[in-house]
Amino acid sequence: MDTNKAEQERKQYNKKLLKESFNGEMKKPHRTDWATVIATFFGTMLGLFIQDVIDTEKLISNTVLRFCVDVLIIVIAITVVHGIIALVKKLTAKKQS
């Protein structure tokens with residue numbers, strides 16, 4: 001009987017914890033970082049452009065390998081654009097200080 005009561009108490013506390021954490025997350029405003037959105041957009045466009053220039057369809061005949069290479073190209077391009085924006089932010093912050 002004691003384990004049943006402990007189990008019910010545990011369930012009650014779990015429900016309370018989930019409800020409080022959900023309410024806490026819903027109350028916080030989630031701001032959009034527009035620099036990240038713009039960097040991702042330009043990185044994707046750059047990656048697609050590089051993919052067209054390289055012409056992976058003619059270069060690689062295996063579709064799975066071609067897909068992996070295309071994704072890798074786009075991810076690298078997005079990372080490069082994010083890095084450039086972070087570098088520009090860092091340089092402008094030093095000049096303003």
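Reply: Asp-55 has a relative accessibility of 27% and therefore counts as partly exposed, since that class lies between the limits of 20% and 50%. The model in which this residue sits is a predicted one. The partner of Asp-55 in a salt bridge is Lys-58, with 3.9 Å between the closest N and O atoms, and the pair qualifies because the cut-off for such a contact is 4 Å. Lys-58, at 72% relative accessibility, counts as exposed, because the limit for that class is over 50%.

The structure holds two salt bridges, and the other one joins Glu-7 to Arg-10, where the closest N and O atoms are 2.5 Å apart. Both of these residues belong to helix H1, and a spacing of three residues places them about one turn of the helix apart. Glu-7 is partly exposed at 32% relative accessibility, and Arg-10 likewise falls in the partly exposed class, with a relative accessible area of 42%.

As to confidence, the protein has an average pLDDT of 87, and 96% of the residues reach at least 70. The lowest mean, 81, belongs to helix H1 (residues 2-27), whereas the highest, 93, belongs to H2. Where pLDDT is low, the predicted coordinates should not be read in detail.

Turning to the helix packing, helix H2 (residues 34-54) and helix H4 (residues 63-96) have axes that come within 7 Å of each other and cross at roughly 135 degrees. H2 and H4 are therefore oblique to each other, because an angle has to be over 145 degrees to count as roughly antiparallel. The crossing in which H2 passes H4 is right-handed. Sorted by class, the residues in the contact of H2 with H4 are 13 nonpolar, seven polar and two charged.

Helix H4 also contains Val-64, a residue that counts as exposed because its relative accessibility is 55%. Between Val-64 and Thr-3 there are 61 residues of separation in sequence, and their C-alpha atoms are 54 Å apart in space.

To return to the part you asked about, the bridge from Asp-55 to Lys-58 has its closest N and O atoms 3.9 Å apart, and it links a partly exposed residue, Asp-55, to an exposed one, Lys-58.

Conventions: Residues are numbered from 1 along each chain as its sequence is written. This is a predicted model: local features need pLDDT of at least 70, side-chain atom pairs count only at pLDDT 80 or more; totals for chains, interfaces and linings use all residues. Side-chain values use heavy atoms; hydrogens and water are left out. Axes are lines fitted to C-alpha atoms, for helices over the stretch in contact, and angles run from 0 to 180 degrees between N-to-C directions. Helices (H or I, at least four residues) and strands (E, at least two) are DSSP runs, numbered from the N terminus. Angles under 35 degrees count as roughly parallel, over 145 as roughly antiparallel, 65 to 115 as roughly perpendicular and the rest as oblique. A crossing is left-handed if the near helix is turned anticlockwise from the far one by less than a right angle, and right-handed if clockwise. Ala, Val, Leu, Ile, Met, Phe, Trp, Tyr, Cys and Pro count as nonpolar, Asp, Glu, Lys and Arg as charged, and the others, Gly among them, as polar. pLDDT is the predictor's confidence in each residue, from 0 to 100. A salt bridge is a side-chain nitrogen of Lys or Arg within 4 Å of a carboxyl oxygen of Asp or Glu. Buried means under 20% relative accessible area, exposed over 50%, partly exposed in between (1.4 Å probe, protein chains only).
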